[in-house]
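User: Hi! Could you walk me through this model? I'd like to start with the aromatic side chains.
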Amino acid sequence: MSAKAISEQTGKEFLYKHICTTAAVQNRFRYANVTAETDWKRLVQDHPWLLTERLVVKPDQLIKRRGKLGLVGVNLDLEGVKKWLQTRLMKETMVGKAKGILKNFLIEPFVAHKQEEEFYVCIYAAREGDYMLFHHEGGVDVGDVDSKALKLLVGVDEKISADTVKSQLLTHAPADKKEMLTSFLVGLFNMYEDLYFTYLEINPLVVTKDGVYVLDMAAKIDATADYLCKAKWGDVEFPPPFGREAYPEEAYIADLDAKSGASLKLTLLNPRGRIWTMVAGGGASVVYSDTICDLGGVNELANYGEYSGAPSEQQTYDYAKTILSLMTREKHPDGKVLIIGGSIANFTNVAATFKGIVRAIKDYQVPLKEHEVTIFVRRGGPNYQEGLRVMGEVGKTTGIPIHVFGTETHMTAIVGMALGHRPIATQPRVAAHTANFLLNTSSGTTTPASSRSASFSEVKTGCKWDHTPTKKHTIMMFCFPLFLPLLFLCPSLLISVAKSTTLFSDHTKSIVWGMQTRAVQGMLDFDYVCSRQEPSVAAMVYPFTGDHKQKFYWGHKEILLPVFKNMADAMKKHPEVDVLISFASLRSAYDSTIETMQYPQIRTIAIIAEGIPEALTRKIIKMAEEKGVTIIGPATVGGIKPGCFKIGNTGGMLDNILASKLYRPGSVAYVSRSGGMSNELNNIISRTTDGVYEGVAIGGDRYPGSVFMDHVLRYQDTPGVKMIVVLGEIGGNEEYKICNGIKEGRITKPVVCWCIGTCATLFSSEVQFGHAGACANQASETALAKNKALEEAGAFVPKSFDELGDIIKSVYDNLVAKGVIVPAKELPPPTVPMDYSWARELGLIRKPASFMTSICDERGQELIYAGMPITEVFKSEMGLGGTLGLLWFQRRLPRYACQFIEMCLMVTADHGPAVSGAHNTIVCARAGKDLISSLTSGLLTIGDRFGGALDAAAKQFSKAFDSGMLPMEFVNKMKKDGKLIMGIGHRVKSINNPDMRVQILKDFVKQHFPAAQLLDYALEVEKITTSKKPNLILNVDGFIGVAFVDLLRNCGGFTRDEADEFVEIGALNGIFVLGRSMGFIGHYLDQKRLKQGLYRHPWDDISYVLPEHMTM
């Protein structure tokens, strides 16, 4: 959601902090918040004016008309305030249809004033700009300000001026207050714009000789502008509407949503209800709620929510377990139902999201059965068959009744089944699979022949599917102030703009902004199956890499598409491109779109990103209108023209493209707000008519770049379109333009229309649906009012979404009967190869992996070390030694073993700058090399002579000990064979000058290891060698080698073979390498810090020994 209401206290805080005006704003920051937990003594200390001023007290919980409801205490002292609160604080109260508890109050100084000093001011956003309303009379009895107030429109990108305010708003204001009011109103509007308000009302605004007083205030801000306004806003708390509690589960899901690129929403309506929903998609979630309410389930509907945007398995699990936890807290005498519904997904892997839901169902299977929960599932989209299969399987294994349906079932049919209004379908589902578009057996790479000729009802032209040349036409644009009633039913503004009736043809070329390789490949596959001669994507733009080529498939053949770092190069090299598909993020979508519109060749832009601030969207719309560019979006999946072109992920994967017959044109064109519901319309239209001619999802934001009427008029002017389907929704007034167009005769083709969101009027408190624009600000914006107006205007309006398909079929059959539509003969569609990765996802093929790993898995929500989630690694406090145990040995080692590993790393970390490895690192660092090069130089010296004795010592001592040799026999044999005993001997240390590193390790091993036979054996060898020469001691390498063998053999975690294998493959040398790397890095940093220059070895430390005949 974008526009969110803030508390009065927050709104005033913003105003007091940020307004810039010469008017004296009084009582700045003089307010005190009171709740049931308030410490009055502390409150008075923080706000001493409470003891000296007369006071006003009122609830601050988004309640309208508090004065008329008797919810404002006026002209009280502090004791009077306390007494007034006694009868209201934490008391249940009815406000309209909403019943809630008064729990948050605001105390402010009472302002004594005259009635003629009260004024009314309101600023609100509209598509064409921001309206400021001003009335010279304010207060509780202000009445109908829409008809009384003077109004000023400040257009998008325009500035407000003092002269305009005076001349248009203050004509009836007292002369002595005009200057002060002018300065305040200009400052207020500038603050409103600067802080991304969408609504701001002050009533009354009191102006006296002392200055301006803001008495009562209501406001909304654009929450999507948080990334722009965070420094000014701070942490904003958005209170729930009065009558609906703020539940911690809602906050938890909101937090998940904020951290995710997906969309996760949850609103609790009635936690004791028996009907729960878990719906995929913003539009679909509204449709399911509508249907539940239509069938009489409004009082039992427990929640509203949606998940969409391809959430991960873990995110879906977290979302599902939250809902299952809520619905299994309190039993219902009739049991409960869970509706897991959704439209046909465009790009979400249904099986992946269902895996998260299945995990949650398994975790909650016992309480689900105790609460007699029955689950109904309906879904479509990529890999939906596998998702439905696993959902059906979990029902069988857990014993929970789960009824599963796919795209052959109408989207909302499961609601009637769940509520007992229709029998539960028992017929087996059609044996379908995502792999039904088989691999093409032909070895050729040519484009397949067209599978269907144009409909007999279409006009034949030179272009294969295109039937209408580009032309100019008049677009009717209406400006609707937020509070005006149905006056807008008559057109008030006509703007003639050169825009194309035909946006896409089978020759359309596009540029894709963003590295969206999956979406591009989907477009190319669509092109191929539509028998296009060339790909519809000419190039990609991605600012974060240099210019390069990206590989894609055209049928069987691999092709390269150019990727440009900047837009200018892409446009210059591809002048044939006239469409841009922008996958830019919400933060960069505005800038990239404005840049794109600088190139006259671009006529259509699709903006996929959701969450672009409304003020920026309106600037995009204004520029697009000026340049004659059609904008689809923001917050959209795009659109599709069967046989010609599709935007990004629209229409889903190829199985849905083929199932919905989107590879060739039909006779029905549609326009929808919702992307997911547009795919559902593809399905419905393909089942009830000869198919889709064109479909566009304009996006769910409050101000979509193009509106319903823009596309309806295009369809009206396109001969190939014989009927039009519009799926509107609650919020805004755009559907009334269609009413007007039908009445005036501008629209003559049959229009089937349904507005979703009919349930909103049945809820006791305001519910913000999944789309930002799905919120009615007045009665005319409700779905019920729109559906009624559409029907009265002559559109075909079903009684509910359930009947939409029936109405479409009825209208279509009538057109066929009249001969307006002559269905063409259907031919088998061409086939296209399946991507290897997707075929593997579906389990259709297998291939040996290039790599195998058994120590780490980063693919899920959480990093896993040898089967242990990283959170558990930290909770267990196993340290570096334990982590090494997991990654090297795939074991959770005992605590003493972890400590011993860490001690080994500590004692081997460094041995001074003179040893070969450190010396090499230092020389390399002083030569100006980087850290990695210097470290590598040092590590390459490790071998049998330096630091690599751990493995060799472990092998030599183990072999001798295991073969039963006595220590003396081992020493004598090594001497006889002329071999050094690895791990014996030190250049400095001796039996008389022991190595304290060895002593520390020896004490620890003797104290903590369960057995140390090999170490004891090595110490016996040391006695023999030191008797011959004092420095032939068991050195640190040898000690670690033999002690590690004891550890592996005796800790209980390894078999003898496993322990020997780890020694054989070099695991012990890894200890030295890892430990000494710390020291080498230290030497590198030390040399850089000391700024040492290039090293050159001194001549006097080199013996130059040359052959005599070469000496001088």
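User: Is phenylalanine 197 buried or exposed?
Analyst: Phenylalanine 197 is buried, with a relative accessible area of 5%. Buried means under 20% relative accessible area, exposed over 50%, and partly exposed in between, using a 1.4 Å probe and protein chains only. Keep in mind that this is a predicted model: local features need pLDDT of at least 70, side-chain atom pairs count only at pLDDT 80 or more, and totals for chains, interfaces and linings use all residues. Residues are numbered from 1 along each chain as its sequence is written, and side-chain values use heavy atoms, with hydrogens and water left out.

User: How many aromatic pairs are there?
Analyst: A search of the whole structure gives 25. One of them is stacked: tyrosine 192 with phenylalanine 197, at 6.2 Å centre to centre and 20° between the planes. Rings of Phe, Tyr and Trp (its six-membered ring) pair if their centres lie within 6.5 Å; planes under 30 degrees apart count as stacked, over 60 as edge-to-face and the rest as tilted. Tyrosine 192 is buried too, at 1% relative accessible area.

User: And why is the pair of phenylalanine 946 and phenylalanine 1072 called edge-to-face?
Analyst: Because their planes are at 85°, with the ring centres 5.7 Å apart. Phenylalanine 946 lies in the loop between helix H30 (931-939) and helix H31 (949-962), and phenylalanine 1072 in helix H37 (residues 1067-1089), so the pair ties together parts that are 126 residues apart in sequence. Helices here are DSSP runs of H or I, at least four residues, and strands are runs of E, at least two, numbered from the N terminus.

User: New topic: which ring does lysine 4 sit over?
Analyst: The charged end of lysine 4 is over phenylalanine 238, 5.0 Å from the ring centre. For that, NZ of Lys or CZ of Arg must be within 6 Å of the ring centre and within 35 degrees of the ring normal. Arginine 359 lies over the face of tyrosine 317, at 4.0 Å from the ring centre.

User: Last one, the overall picture: how many helices and strands?
Analyst: The chain has 37 helices and 37 strands. Its C-alpha atoms fill a box of roughly 115 × 90 × 80 Å along the principal axes. Of the 1112 residues, 57% count as buried.
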